Amino acid sequence: MTSLPPGLLMIIVAALLPFVPHMARQIVMLAAIALSAYGLVLGAGTHLVWDVLGFELVLYRADALSFPFAVIFHIAAALNVIYSWHDKHWSQHCAALSYAGAAIAALHAGDLITLFIWWEATAVTSVFLILAAGTITARRAAMRYLIFQVLSGVLLLAGAAFYAANTGSIAFTKMTLGDTASWLIFIAFGIKAAFPLLNGWLQDAYPEATVTGTVALSAFTTKLAIYALARGFAGTEYLIWIGAAMTALPVFFAVIENDLRRVLAFSLNNQLGFMVVAVGIGSELALNGAVAHAFVHIIYKALLFMSMGAVLHQVGTIKASALGGLYRQMPFTMVCCIIGAMSISAFPLFSGFVAKSLTMSALGDTGIVWAYLVLLFASAGVLEHSGIKIPYFAFFAHPSGHQTGEAPIGMRVAMGIAALLCVGIGVFPAPLYAILPYAVDYHPYDVSHVTGQLQLLIFAMLAFIFLIRMKWYPPEIPSVVLNSDWFYRWLAPRVGRPLLGAVMGVWAVFLRMLVWYRDMGWAVLDRVMHAPISGPTVPGRAVMVQALLLSLLLVLGYLLLG
Amino acid sequence: MTEKPTQKTADMQKMGRIFTKALLAIAVILAILEVFLHRHGVAAIEDSFMFPAIFGFFAFVFIVQVGKWLRRMIMRPEDYYEEGASDD
């Protein structure tokens with residue numbers, strides 16, 4: 001198994017999927033994922049080192065940091081296969097499986113060039129999950145998504161080139177932020193991790209993807225970026241600032257967003273903020289926190305996207321303003337959604353609690369109180385948009401009159417497994433703690449943590465009820481909320497088009513002048529040819545040109561010799 | 001169709017009342033526990049009486065109020081980006 005990087009097997013199988021009948025397709029995919037996962041058990045260490053042009057390409061490096069990410073990526077891939085069981089066409093399965101494979105292979109890249117290749121592969125494979133939605137809106141969003149993802153890759157490649165020039169090595173290890181190389185790589189990671197102002201692509205594209213596509217998208221790209229930051233830039237203090245901004249800012253956008261999958265995309269951004277802060281702290285406890293958070297986050301975020309996907313699949317819309325009262329038609333989906341919501345809100349006994357406590361404790365150890373309070377504030381925000389808004393507006397609020405039933409069985413099974421994992425990890429965190437990169441002696445369930453967190457959550461929920469009773473809670477309005485993608489979707493065309501128009505206008509005038517001079521030149525020449533002052537007429541332009549060139553040579557000859 | 005939503009609304013109001021009562025009960029229990037248990041947080045301010053509860057309540061209200069205010073600035077009609085018909 002060590003002769004093949006993990007994930008590559010999944011990509012190979014994905015390429016064969018069109019030739020597999022749909023009856024067997026999901027089984028084949030699950031088998032490929034299982035086989036790839038089996039490789040993780042055997043493969044610790046460094047394998048497959050290729051010497052190319054004097055540089056070492058490390059295709060397969062497995063260590064304590066890559067392992068937990070690899071485990072959860074395999075789980076997410078498998079959940080997605082089960083969730084999309086009803087889809088009989090091969091195209092999305094092919095994209096999703098190769099996307100997961102590329103992300104897993106990227107985790108095992110031991111050098112920056114290999115990382116770059118898989119980094120771009122995740123972009124190229126995942127874009128089809130957005131395109132598959134088939135709408136014009138989705139196609140445009142997909143193109144914007146691709147531009148950003150490829151830009152991230154190009155920056156990574158440029159950074160790798162600078163890095164190689166500076167150090168003579170392309171090994172992907174811990175870096176110090178300072179020179180051009182490290183900044184380029186940092187920004188490349190930052191785009192995929194959806195740093196503030198670089199986050200527009202996430203909320204723009206994810207909600208436009210297909211029902212199953214968004215579930216796959218939510219798992220891999222951003223968490224690959226978190227992994228890359230944890231490996232390359234652990235302990236970089238900027239990340240605490242950036243991460244804190246990421247936790248707090250999307251909270252306000254999520255309150256007023258009407259598309260519930262877009263609310264989840266804002267929520268995803270907020271969750272990444274917690275992980276980025278943890279990476280910024282860089283202590284062993286904090287890095288454990290970042291990894292544990294990424295692990296549980298993938299499950300509950302997938303669960304939330306799955307439940308909203310189920311609603312979209314059954315009802316045909318996911319706009320809060322058009323939903324409500326589905327608790328009776330889709331009770332199972334509702335229960336799963338609420339389990340996901342309680343997990344992300346970090347209720348004790350749910351998975352979010354055992355992971356977020358690590359980061360909060362690590363942040364407490366640093367003594368950076370302002371960041372701690374920002375994250376505490378953001379925790380109330382998570383409860384607001386993911387804990388309450390998502391289940392409330394989809395399943396309760398006001399009856400919308402949709403006549404529907406539960407989602408297909410595959411969707412329900414996937415949601416059920418994810419929900420069980422959320423509760424299971426929350427109640428028995430030991431197996432999760434056992435695979436974290438550093439040895440853990442941490443007990444999330446102490447009196448202070450549990451009562452403190454419960455106070456925060458219960459009183460925040462009371463605030464919600466208070467606002468609803470007072471009719472102060474903002475109503476759902478069909479609308480779009482401006483985000484950082486506004487700069488390139490609205491501003492850039494409006495500034496760029498006139499600017500480009502002006503430049504092209506000047507260019508056209510210049511071209512017209514050139515044409516005029518050329519025509520003038522020929523006209524004068526023709527006149528001289530056909531009506532010379534003395535001597536014979538010249539029979540053609542070519543002869544005239546030759547005569548001129550020869551005269552020029554003659555003059556030059558005189559000048560040089562004389 | 002016309003009958004069902006009203007029935008459902010009544011159902012949901014009932015659930016809402018039960019839910020509110022349950023939450024209030026837990027809140028009271030937490031307040032009582034706060035007196036007897038020694039809860040200590042990361043920051044010094046966190047150790048003050050019912051700090052997470054007060055912080056949570058006001059953070060929530062603040063987020064929603066800022067959101068409402070933000071709507072005036074950054075909320076636009078659905079066809080704002082002029083991408084043709086919306087998906088639904």
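Biologist: Which residue with a positive phi follows α14(A)?
Modeller: That residue is A346(A), whose phi is near 65 degrees. Please keep in mind throughout that this is a predicted model.

Biologist: And α14(A) itself, how many of its residues are buried?
Modeller: Of the 14 residues in α14(A), 10 are buried, so the helix is largely enclosed by the rest of the structure. The buried ones include T333(A), M334(A), C336(A) and C337(A), and the buried residues of this helix pack against α13, α15, α16 and α17 of chain A.

Biologist: What about α12(A), buried or exposed?
Modeller: For α12(A), 22 of the 22 residues are buried, so this helix too is largely enclosed by the rest of the structure. Its residues, 260–281, should span 32 Å at 1.5 Å a residue, which agrees with the 32 Å between its end C-alpha atoms. Just after the helix comes G282(A), with a positive phi of about 80 degrees.

Biologist: Let's step back to the whole chain. What is chain A made of in terms of helices and strands?
Modeller: Chain A has 21 helices and three strands, and 55% of its 562 residues count as buried. Along its principal axes, the C-alpha trace of the chain spans about 110 × 55 × 55 Å. Taking the contacts in chain A with a separation of 6 or more, 80% are between residues 24 or more positions apart.

Biologist: Which domains is chain A divided into?
Modeller: The division gives domain 1 (1–233), domain 2 (253–304 + 320–484) and domain 3 (506–561). The C-alpha centres of domain 2 and domain 3 of chain A lie 79 Å apart.

Biologist: How many residues does the largest nonpolar core have?
Modeller: That core has 218 residues, and those with the most contacts inside it are V279(A), L303(A) and A460(A). Helix α13 of chain A, residues 284–315, gives the largest share of the core, 22 residues. Domain 1 and domain 2 of chain A both contribute residues, so the core lies between them.

Biologist: Which residues does L303(A) touch, leaving out those up to four places away in sequence?
Modeller: L303(A) touches C336(A), I339(A), G340(A), M415(A), A418(A), A419(A) and C422(A).

Biologist: Switching to chain B now, what pattern does it follow along the sequence?
Modeller: Chain B follows the pattern α-α-β, which comes to two helices and one strand. Of its 88 residues, 16% count as buried.

Biologist: How many residues does each chain bring to the contact?
Modeller: Chain A brings 50 residues and chain B brings 44. On the side of chain A that touches chain B, α19(A) supplies the largest share, 17 residues. The residues on that side divide into 34 nonpolar, 12 polar and four charged.

Biologist: Where do strands come into the picture between the chains, and which way do they run?
Modeller: β3(A) is joined by two bridges to strand β1 of chain B, residues 75–76, and the two run antiparallel. Within that pairing, V481(A) has M75(B) as its bridge partner.

Biologist: How many bridges join β1 and β2 of chain A?
Modeller: Seven bridges join β1(A), residues 45–52, to β2(A), residues 55–62, and these strands run antiparallel. V52(A) has F55(A) as its bridge partner in β2(A). The hairpin has two residues between the strands, and L53(A) takes a positive phi near 50 degrees there.

Conventions: Residues numbered from 1 in each chain as written. Chains lettered and ligands numbered in written order. Predicted model: local features only at pLDDT ≥ 70, side-chain atom pairs only at ≥ 80, totals over all residues. Core = buried A, V, L, I, M, F, W, Y, C linked by C-beta atoms within 7 Å. Buried ≥ 20, exposed ≤ 12 C-beta atoms within 10 Å, placed from the backbone. Helix = DSSP H or I, 4+ residues; strand = E, 2+ residues; numbered from the N terminus. Domains from an automatic or database assignment. Contact = placed C-beta atoms within 7 Å. Nonpolar A, V, L, I, M, F, W, Y, C, P; charged D, E, K, R; others polar. Pairing = 2+ DSSP bridges. Expected span 1.5 Å × (residues − 1).
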